[in-house]
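Here's a quick tour of the model you have open.

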Amino acid sequence: MGKNLVFLPIVAAVIAIQLLTAWTDSVYYLTQLTMSAYYSLLIVGLCVLMGYAGQISLGHAGFFAIGGYISAALTTHNLIPFVDQLPVRLLTALGCLQGGLDIYGDPLLVVTPWVACMIAILTALIIAFLLGIPVLKLKGHYLAMATLGFGIIIYRIVLASEYFGEADGISGVPGFQLVPGLLVSGDKSWRVPNYYIAWTVLILAVVLLRHLINSRVGRALRAIHGSPEAADAMGVDTAKFKLQTFMLSAVFSALAGVLLTHYNGGIGPSEASVMKSVRYVAIVAVGGMANIWGALVMGMVLNFLSLRGFFGSYDDAVFGLILIGIMLFAPEGILSLQLGRLWRRIPLFRRKTPAVKEV
Amino acid sequence: MTILQVEQLGKRFGGLQAVDDVSFSLRQGAIKAVIGPNGAGKTTLFNLIAGMLEPTTGEISFQGKAIQGMRPFRVAGLGIARTFQNIKMFAGMTALENVMVGRHVRSKAGFLASMFRTSGCRREEKAIRVKSLEFLDFLGIADCADTLATNLAFGQQRAVELARALALEPALLLLDEPAAGLNIYETAEIGRLIVRIRELGITVLLVEHDMSLVMDISDEIVVLSFGRKIAEDIPTVVQRDPEVIKVYLGE
Amino acid sequence: MTTELFIQYLVAGITYGSIYAIVAIGFNIIYNTTGIINFAQGEFVMLGGMLSITFLQYLPLPPAIFLAVLVTMGIGALIEMLFIRWLQNPGILRMIIITIGVSILIREAALHVWGSDVRSLPYFFGNEISSIAISGARVSPQVLWVVGTCGLMVVALNIFFQATSIGREMRACAANRIAAVLCGIDTRNMVTLSFVLSAGIGALAGAVMSPITYTQYDIGTGLAIKGFTVAILGGLGNSLGAVAGGLLLGVIEAFSVSVVPLAFQDAIAIAILLVILFVRPHGLFGSSAMAGLKEF
């Protein structure tokens, strides 16, 4: 575990930020930092898929939405009208349901968040499996379009289904009690614990992904990226590894969706939109594709700025610009740039080299 | 004992019969070379055996098991390793990591075990590292272990690729032009190396252009021309075969 | 279903289908010369409609549309020169991401210039309620404009590629870039030209369809994915295949309205796309052997 000492400075920074906000009386920053941490959870998962397994996905907001929406729907839709029906009786007997009161004080019977979370993640896993088998056979443009198509289908479904609240989304999602005394909830009194919950989940996720990358599986993934034929010839079942990575990143996305939805107390269709998926890809690209640290840092910084409204009404445009800028000037990610050499990358200032005409 | 049996193998690309009714067998522990002029179908033959292409007709059996049309990673899993004519390093990985990928089929840690770094997984990882360093050492490039493979000199990359293939502990090693791009000293060294590999108990099938190398180290030679086998014998006989001479020197 | 209703659906399908076909041909033109899919293709259509509407405040309709098409072509050229031309050996992933970024920028710019309102050009002749009768079904004359313009564009493009020397050079560039360079063709200019052409046809289609389908800053993504579906249906790079694919998708979509709620209509096109990608990625009319020779 010695290698995980690199996380000490991060843990220190997380604690320092919390203390700083408490000291400067600006605790409200923690809300956006908590939300950014959940988005970053999706982004580090996508980073492994794109950077290490080399598969682009323009549909990961779809998995986020699957997680968030299923969890939200199950924990808000009242089952009391169906209380006599067999499935509901069965769920009650298994302890999967919890009672409560709705905003009008009427009794409410809903699925418990833990069970809803499990169902949401399992659904994402199954969909990733079913979608991944055919989709991951595709390359380049086809893969990009197919995943984009998947994202749009999810978006259309949540937008058009009454069950998922159509354009309004779902609100009034209850808090998620992880263990007694620890509630994922946006309530002000829970702000500090939730900041730590989010960061614990995110750091744990990064630890697991780092283990994965520096293991037999991670080497196989990088080998597929480095030379698919040679990886095949070395006995790596490329299809299986791509699929499993796809499923893993889908689970991370769904988990992020579940937790953020309980934290926000609701979810809306914009979480499933294509722009969200593109934004995640942009952040992974800025971080340098095959660089979990880059993805983590950029995920935090950009999401935080965006959530604070730093980009104003140009929010999406900023991410478009970032995408283009990174791909044009620094395809290895922004952390790879030595800033002193930046100016030479601008065509005007580029030193004349013997023209090797690209054909 | 026969380790590899190729029976009436044929591969057609549209109007081109790249490999035409080729049969031969390979004895366990032998070094066999496939030679022939450019376009004779040597590389196609290799790709058929390694599973990268599916034959149009015929059969290939390895240790008594039919393998034609099997996906390459399955063929590798059975114990057939290969190198490539134009070296295919895993970009972005060190020489050692490249060789460690070669241990893939000899290890088994999956996603969950790797993520949670179970004790079994840690033990296995250590064993992979030790074993891979041994193979780098066997090829005399242990000191390059932590260099990015793509930054190595050409000859060293070739050695890494060989170490990677050996790390699979194959029963059969397919070498696609191992001496291509090497000078005569390096070629002689590769020759000695192939003989040492055979001493490890590994059967070797190679495609090669360098005649002196082939004549030196092979136990038997198969000669292809326009996809057909025109001769198969020990080097001294093949050298005198009038048809082989005609193919190589013209009428 | 009555005959009138049937014809009504059919005509609607053909109208939308012609637009999808034009978007798909736009994809094909750029794909053929560069090997990349321009994800900003749908934005050209949006620009054509929006710019025409703006210019109409100062100009009569025909010059307004003409100017809108010209400006969009200029934007197409600009995109190529700013983002594509000077890249050396860009990977496919990089190109995909760049064109996606471009499409976002155009869309966001449109949002800031024109807002999120739904706009449209007036009907070229008559108005919303004027109609002509085809076998008893009432059809808007604008439909004829859309179908006619798209049809003319396909014919004109075919003549351009077959009979003019520039068109032939572009085809040479598509068939074998290295050989084209060796024959003295400046492939870079051909790439710019391909962006200009597909921007132009997209914009023109966007202008003529605007009275019926309306224009909004964000219609590009939907059009792009349907255009791509059609390009795949017809076999990527095959323009006549695109026409057939476009009409097919348009008609399927139109008739699906009677079965599936309108909100799910997009999902149908995409489901078709996914199925085609999985089953016949080389298209309904292409051959798998040919597809194997192309790099995706």
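## Where A meets C

The contact between these two chains takes 36 residues from chain A and 35 residues from chain C; two residues are in contact if their C-beta atoms, placed from the backbone, lie within 7 Å. On the chain A side, the elements giving two or more residues are α6 (140-160), α11 (274-287) and α13 (315-329) of chain A. Of these, α6(A) brings the largest share, 14 residues. Helices (H or I, at least four residues) and strands (E, at least two) are DSSP runs, numbered from the N terminus.

By class, that side of chain A splits into 28 nonpolar, four polar and four charged residues. Here Ala, Val, Leu, Ile, Met, Phe, Trp, Tyr, Cys and Pro count as nonpolar, Asp, Glu, Lys and Arg as charged, and the others, Gly among them, as polar.

A word on ground rules: this is a predicted model, where local features need pLDDT of at least 70, side-chain atom pairs count only at pLDDT 80 or more, and totals for chains, interfaces and linings use all residues. Residues are numbered from 1 along each chain as its sequence is written, while chains are lettered from A and ligands numbered from 1 in the order in which they are written.

## Where B meets A

This contact draws 31 residues from chain B and 23 residues from chain A. On the chain B side, α2 (72-78), α3 (95-102), α4 (111-115) and α5 (119-138) of chain B each supply at least two residues. That side of chain B has 18 nonpolar, seven polar and six charged residues.

## A sheet in chain B

Chain B has an open, mixed sheet of six strands in the order β6-β7-β8-β3-β9-β10; strands pair if DSSP finds at least two bridges between them. At the edges sit β6 (80-82) and β10 (228-233) of chain B, each pairing on one side only. From one strand to the next, the twist averages 20°, with axes fitted to C-alpha atoms, for helices over the stretch in contact, and angles running from 0 to 180 degrees between N-to-C directions.

Helix α7 (residues 184-199) of chain B packs on the sheet, touching β3, β7 and β8 (203-207) of chain B, at about 150° to β8(B).

## Zooming in on B:L173

B:L173 is part of strand β7 (residues 172-176) of chain B. Is B:L173 buried or exposed? It's buried, because B:L173 has 25 C-beta neighbours inside 10 Å; the cut-offs are 20 or more other C-beta atoms within 10 Å for buried, 12 or fewer for exposed, and partly exposed in between, with C-beta atoms placed from the backbone.

Beyond four places in sequence, B:L173 is in contact with B:A81, B:A165, B:I197, B:I202 and B:V204.
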